[in-house]
Amino acid sequence: MPLTKNSVTTPSFLKRAGTDKLREVFLKYASLQRDGEHYMTSEDFVRRFLGLFSEAAFNDDSVRLLAGIADTSKDGLISFSEFQAFEGLLCTPDALYRTAFQLFDRQGNGNVSYADFAEVVQKTELHSKIPFSLDGPFIKRYFGDKKQRLINYAEFTQLLHDFHEEHAMEAFRSKDPAGTGFISPLDFQDIIVKVKRHLLTPDVKDNLVAVTEGHKVSFPYFIAFTSLLNNMELIKQVYLQATQGNRSEPVTKDQLLYAAQTMSQITPLEIDILFQLTGTVQQTGRIDYSDLSNIAPEHYTKHITHRLAEIKAVESPADRSAFIQVLESSYRFTLGSFAGAVGATVVYPIDLVKTRMQNQRAGSYIGEVAYRNSWDCFKKVIRHEGALGLYRGLLPQLMGVAPEKAIKLTVNDLVRDKLTDNRGNIPLWSEILAGGCAGASQVVFTNPLEIVKIRLQVAGEIASGNKIRAWSVVRELGLFGLYKGARACLLRDVPFSAIYFPTYAHTKAMMADKNGYNHPLTLLAAGAIAGVPAASLVTPADVIKTRLQVVARSGQTTYTGVWDATKKIMAEEGPRAFWKGTAARVFRSSPQFGVTLVTYELMQRLFYVDFGGTQPRGSELLKPATSLESAATQDHIGGYKAAVPLLAGVESKFGLYLPRFGRGAAAATPGTTTAS
């Protein structure tokens, strides 16, 4: 499984694995036994356990270097205590830097010597392409003139940070032997591709020459360009400050410059280059968050999420055929059905109370008022009908709510996709239109479902020995009777969805983290919050629909249509009657849609299928540009869930790419890198 879709930003740390379970995993892969003790070899640890360097012609030196991270005794073998110790290191907040430090600590004494540093650097692909002077002033500043000074962990972190900047400047000097302060566009491209490979996205890599506009590249421009790549996460924060957290609002160069004044690390030249880069891609004078994401290098991040399935239906969006789009809608419909059923089951008791409160009439039948309020209704249902009475009519509800919620979610996603521009933005009017279309489409399922459900729910109020069943209600009503009150249903469902889905999308965006990712709890909260205005504002339509669909008992007012019901309710009960059950409706709809939406989006994350279209915003997983691959087995427990992404981070953050293939394979395939 490619590693590139397994990392999500979160501040949490990994939980340590239990000793017994860890020992069980260790013994499964330990192939060597000495004096009654089991050990992993380098290949056991790197190739069999981590699933890296799986090719037959793997580079043995690279495997030994990586295994040396866990092999603190440096005897070529990994004992259980070393295996467990490394698992603990992977759970620390600075695990990325500590992993890199242990890669360079070749003696295992807690320090990095000049010889250690030189040994690892000389084995990287970068050094083989653009050799770094290991006898220059930079090395002497850190290791001393005689190169005998030892570097501890804290100092090593700064050394590693400065090393790549120095390597880039040294590469510039090598391309400018005359000392003019300029290099050609092709030399600029060559340096950036080799030295800053780990910071390049496809959009940046493809436009390195275009961004120079054919002019020679000055040293200040070169430094600003590399600094921009290093500071893209900071640039994102400047953008969010300029837009007050709105990720879809385009900003001009002047707006971004004004917001960047508080960030001393960001220079006007870097902002100029940023707009040059986005201009070569989008050719507009404004940028939004998606533009920054397209050119921002994506590094290792700590938290790991697992997918139960991952399928790539098309290689690129250009391959989306009509058949693929039908498959995508079917996929969304299936997930929406399950999500709708989950949401409906959770809140069904509240829905029953809401219906009985709305059907309770005043002024038409003496002694008819049975419930003082929603809580009183809830208690009386439990007392007289038992706990199962709260779920009266649930089965037909589930049979109907599955396609109802599925078609609503599918149509909303479909229309949003069609109205979203190629930069991933959608205007508010389009969001409202998509929601309205979703609400209208669901009525074909909603109305029959609602009329059967309501008649079953109010049946418990009538003291009768005959038990009313769903099928008997359907037979009594007939096909056309199932759509009684459809106009009121449309009057309720269209504005509900037109309010709900845009509110949900914007609330979700506001609650996302700095990378735009939504934790499941924020999805639940956004879904619940969006349900409050949507459910409450359409309550009058819901009351009218309920009155039209319930069979009036002797002495109760009957209604012939929406306008007739509106006039009679107003005349007999006053305007307050239109808001009956508002609290119960909000308490039902709000959590129901919260549960439904969080289930729907989480299932899209767990059962991921790439149809070449859009994914729900906030669910996109950060994709570290990495060449390492992992078997991602269930044996990666505790801290080892982060082992492969951490090693990928050593590459993608620090540019320490190790040769993947052995010398024979490398010679046979010139230019082969660790790209998988």
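Predicted model: local features only at pLDDT ≥ 70, side-chain atom pairs only at ≥ 80, totals over all residues.
Trainee: How many residues does H25 have, and what does it span?
Mentor: H25 runs over residues 562–573, has 12 residues and reaches 16 Å from its first C-alpha to its last. That is close to the 16 Å expected at 1.5 Å a residue, where the expected span is 1.5 Å times one less than the number of residues.

Trainee: Which residues of H25 are buried?
Mentor: They are Asp564, Ala565, Ile569 and Glu573. Buried means under 20% relative accessible area, exposed over 50%, and partly exposed in between, with a 1.4 Å probe and protein chains only.

Trainee: Where do they lie around the axis?
Mentor: They cover an arc of only 120 degrees, which puts them on the same side of H25. The arc is taken from the directions from the helix axis to the C-beta atoms. The face turned away from the buried side carries the exposed residues Trp563 and Ala571.

Trainee: New topic: how many aromatic pairs are there?
Mentor: The structure holds 32 aromatic pairs. Rings of Phe, Tyr and Trp (its six-membered ring) pair if their centres lie within 6.5 Å; planes under 30 degrees apart count as stacked, over 60 as edge-to-face and the rest as tilted.

Trainee: What kind of pair do Phe117 and Phe143 form?
Mentor: The pair is tilted, because the planes stand at 45 degrees, with the ring centres 5.8 Å apart. Phe117 in helix H6 and Phe143 in helix H8 are 26 residues apart in the chain, and both are buried.

Trainee: And Phe132 with Phe163, what kind is that?
Mentor: Their centres are 4.9 Å apart and their planes are at 70 degrees, so the pair is edge-to-face. Phe132 lies in the loop between H7 and H8, whereas Phe163 belongs to helix H9.

Trainee: Are those two buried or exposed?
Mentor: Phe132 is buried, with a relative accessible area of 4%, and Phe163 counts as buried at 3%.

How values were computed. Residues numbered from 1 in each chain as written. Heavy atoms only, no water. Helix = DSSP H or I, 4+ residues; strand = E, 2+ residues; numbered from the N terminus.
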